[in-house]
Amino acid sequence: MFEPKRLHPIASVINTLKGIKNMLIPVAAILFSAGRDGGLSMIFSLIAALVIVLFTFVSGILSWYRYTYRIENDEVRIEYGIFVRKKRYIPFERIQSIDLTEGILQRLFGLVKVKIETAGSSGDDEAEAVLSAISKGEASLIQDYVAAAKNADTRDTQAESEIEQIFNISTRQLVILSLTSGGTGVVISALFALLSQFDDLIPFKRLFRGLKDWAIHNLITIAFFVFIGLSIAWMIGLIITMLKYANFAVVKKEGDLIISQGLLEKKQITVPLKRIQAIRINEPIIRQLIGYGTVYIESAGGSSANEEGANVTLLPIVKVDQIRSIIGPYLPEYALTTDFTPLPKRAKRRYLFRSWFFTIPVVTAALIFLKIWGLLALILMALGSFWAIAKFKAGGWSIHQRQLSLRYRTIDRVTVFMLKNKIQSLEMQESYFQRRQDLGTVGASVSSGFGGAGGTVSDLEISDVQKIYQWYSREKQKQGSLD
Amino acid sequence: MLTEPQNRISPKALTVWRISGVIRAVIEWSIAATAIVLLHIFQGPQWISIILIILGVIFTILHILIFPSLRWKRWRYEVREEELELQEGIFIRTRTLVPMVRVQHVDTVQGPILRKYKLASVIVHTAATMHTIPALDETEAEELRHYISKLARVVEEDV
């Protein structure tokens with residue numbers, strides 16, 4: 001482990017592929033821009049494209065050749081760079097987590113990608129190290145080294161190193177997850193993005209001119225094809241979700257939660273329990289109807305380049321009433337209560353007014369300019385009102401000793417559990433209209449990766465808002481209920 | 001009821017805010033003027049120009065005369081041993097609590113207008129949020145920065 005080592009040669013292929021991926025759009029642009037005139041410019045652009053591809057290929061190999069890693073003096077030491085040689089030494093204590101990923105290429109050769117994460121304080125993507133392809137044995141050796149070195153300091157606090165199973169996704173859950181995921185939208189937008197790339201290549205305009213007459217006579221056929229297209233997109237989305245979340249499992253090992261997932265591309269994320277900032281349950285509308293939700297943890301690790309490090313899916317799909325029994329025992333600091341103080345009745349009007357504030361001008365404008373068709377805008381208003389009432393119903397709060405829980409709705413219903421010593425700042429707000437009704441808004445921020453997260457609930461009883469404020473204030477507690 | 005935070009920001013903040021209100025008004029008027037000239041050239045409807053002028057007058061009055069004094073009246077802060085409390089907002093009154101143990105670092109900043117009036121703003125960073133106390137006396141801001149960073153260092157809890 002002490003002499004410098006190279007990554008597996010397959011890393012050069014990975015580097016090249018990554019380079020090509022980055023170059024794809026510029027190269028395509030060069031090819032398409034000049035390609036139509038034929039003759040000399042065509043040859044030039046072809047040569048240019050070839051040179052670029054060749055260059056990426058060579059630099060892929062060179063960067064593999066120059067990249068070495070070793071473990072020395074309780075540090076992971078990496079040296080790399082083609083023209084500018086760089087050295088990066090990461091002390092073991094600074095390592096937050098070591099994540100393993102097996103992409104398709106790595107799996108073919110029995111390798112893993114190792115991502116060494118440091119705390120997100122510096123914020124740039126340079127803060128971490130990625131060993132893009134090393135053997136599994138090597139990876140676990142590194143893990144052991146780091147774990148051993150870390151445990152040497154805290155041996156007496158954590159003696160046992162048993163592995164506790166927390167969650168394994170069942171086939172049924174996987175199916176429900178895939179059926180209710182928003183994968184369809186992603187596929188469709190990707191398709192559109194792809195089509196717009198080939199804008200120059202396919203003569204849309206010419207095609208459509210002929211199509212227009214034909215289309216008017218064949219509306220049903222078109223509707224049919226659109227339907228087929230959407231179904232295919234939905235199926236692809238479904239399969240992608242399935243592949244991503246298959247074999248999803250959570251275990252607890254010493255002070256860490258280890259989350260592994262994926263069928264084709266395997267991924268393993270380690271989250272130290274100490275770094276958990278908040279627990280969040282999201283219930284999208286469809287899943288809420290059948291009583292399911294998703295559990296996330298906000299973690300202080302991760303850098304800006306690696307959002308995943310901060311916002312980790314803990315349970316991708318689970319019956320909401322079972323959440324407490326599944327993760328409760330492993331997160332004893334948190335009381336995963338379902339007992340929330342709702343908003344007062346008069347808050348409902350405020351939610352409705354706030355929604356009408358936006359929809360009524362739209363509806364009036366639509367009625368003025370579109371005449372009778374403007375009535376369609378009323379649907380928008382109805383939807384807005386419906387959403388406002390749903391938001392009102394979702395709102396709630398509770399305090400359980402050292403924990404503040406907030407519940408609110410954006411589109412999903414969100415429940416956030418935050419411990420007092422993890423809340424970075426607390427805010428209470430009163431607008432002019434709220435003050436007249438003795439209502440107020442409360443918001444709490446927790447740290448999450450490179451930025452913040454947290455929750456805000458509008459239109460609580462003002463006395464409740466003050467109660468929360470007093471609960472958080474360290475000084476006002478001392479004063480007691482004097483004022 | 002909760003008691004309000006004790007300290008106000010420097011009265012000179014009013015002048016500074018009025019000056020920046022004037023700068024803002026100048027920018028707004030130049031945009032409005034361009035729009036009106038364009039409308040005139042392309043013979044757009046006149047009522048748009050009239051609305052623009054009315055809006056211009058209203059915003060000028062708000063930004064230079066009304067908002068600065070409302071804002072100043074509302075702005076309060078208090079630095080206690082264990083926490084920092086802020087109050088601000090004209091229409092929406094916001095009160096914020098920042099525990100000292102959560103403070104990561106403190107900055108003072110001073111733009112050209114603030115410098116002319118010997119003022120500075122103090123910015124307090126936590127791991128998730130950023131809070132500004134605008135327009136304090138230079139020396140007061142400096143002292144506050146030292147004071148907060150000293151208090152923040154005293155207690156060490158893990159994040």
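User: In this predicted model, which residue in the turn of the hairpin formed by β3(A) and β4(A) has a positive phi?

Analyst: The model is a predicted one. Strands β3(A) and β4(A) make a hairpin, with five residues between them. The residue in that turn with a positive phi, about 110°, is Gly81(A).

User: What is the bridge partner of Val76(A) in β4(A)?

Analyst: Strand β3 of chain A covers residues 75-80 and β4 of chain A covers residues 86-91. The two run antiparallel and are joined by six bridges. Within β4(A), the partner of Val76(A) is Ile90(A).

User: Which strands stand at the edges of the open sheet of seven strands in chain A?

Analyst: The strand order in this sheet is β14-β13-β12-β18-β17-β16-β15, with antiparallel pairing. An edge strand here has a single partner strand, so one of its sides is left without a neighbour in the sheet. The strands in that position are β14 (311-319) and β15 (341-342) of chain A.

User: Inside that sheet, which residue of β13(A) is the bridge partner of Ile279(A)?

Analyst: Strand β12 of chain A spans residues 276-283, and strand β13 of chain A spans residues 292-299. They pair in the antiparallel sense over six bridges. In β13(A), the residue bridged to Ile279(A) is Ile297(A).

User: How many residues of chain A are in contact with chain B, and what area is buried between the chains?

Analyst: On the chain B side, 28 residues take part in the contact, and they meet 30 residues of chain A. Carbon and sulfur atoms give 47% of the buried area. The values asked for are 30 residues of chain A and about 2,700 Å².

User: Which residues form the salt bridge across the interface of chain B and chain A?

Analyst: The rule finds one salt bridge across this interface.

User: How many residue pairs are in polar contact between the chains, and which element gives the largest share of the chain B side?

Analyst: The count of polar contacts between chain B and chain A is eleven residue pairs. On the chain B side, the elements that give two or more residues are β3 (83-88) and β4 (92-99) of chain B. The largest share is eight residues, and the element is β4(B).

User: How do the residues of that side of chain B divide by type?

Analyst: The side in question is the one that touches chain A. Its residues divide into eleven nonpolar, six polar and eleven charged.

User: What is the geometry of the aromatic pair Phe167(A) and Phe248(A)?

Analyst: The structure holds ten aromatic pairs over all chains, this one among them. The pair links distant parts of the chain, 81 residues apart: Phe167(A) lies in strand β8 (residues 163-168), and Phe248(A) in the loop between α8 (219-245) and β9 (249-253) of chain A. The centres are 6.3 Å apart and the planes are at 70°. Planes over 60 degrees apart count as edge-to-face, and the pair is edge-to-face.

Conventions: Residues are numbered from 1 along each chain as its sequence is written. Chains are lettered from A and ligands numbered from 1 in the order in which they are written. This is a predicted model: local features need pLDDT of at least 70, side-chain atom pairs count only at pLDDT 80 or more; totals for chains, interfaces and linings use all residues. Side-chain values use heavy atoms; hydrogens and water are left out. Contact means heavy atoms within 4.5 Å. Buried area is the accessible area (1.4 Å probe) that two parts lose on being put together, summed over both. A salt bridge is a side-chain nitrogen of Lys or Arg within 4 Å of a carboxyl oxygen of Asp or Glu. A polar contact is a pair of N or O atoms within 3.5 Å; within protein, one must be able to donate a hydrogen and the other to accept it, and residues adjacent in sequence count only if both atoms are side-chain atoms. Helices (H or I, at least four residues) and strands (E, at least two) are DSSP runs, numbered from the N terminus. Ala, Val, Leu, Ile, Met, Phe, Trp, Tyr, Cys and Pro count as nonpolar, Asp, Glu, Lys and Arg as charged, and the others, Gly among them, as polar. Rings of Phe, Tyr and Trp (its six-membered ring) pair if their centres lie within 6.5 Å; planes under 30 degrees apart count as stacked, over 60 as edge-to-face and the rest as tilted. Two strands pair if DSSP finds at least two bridges between them.
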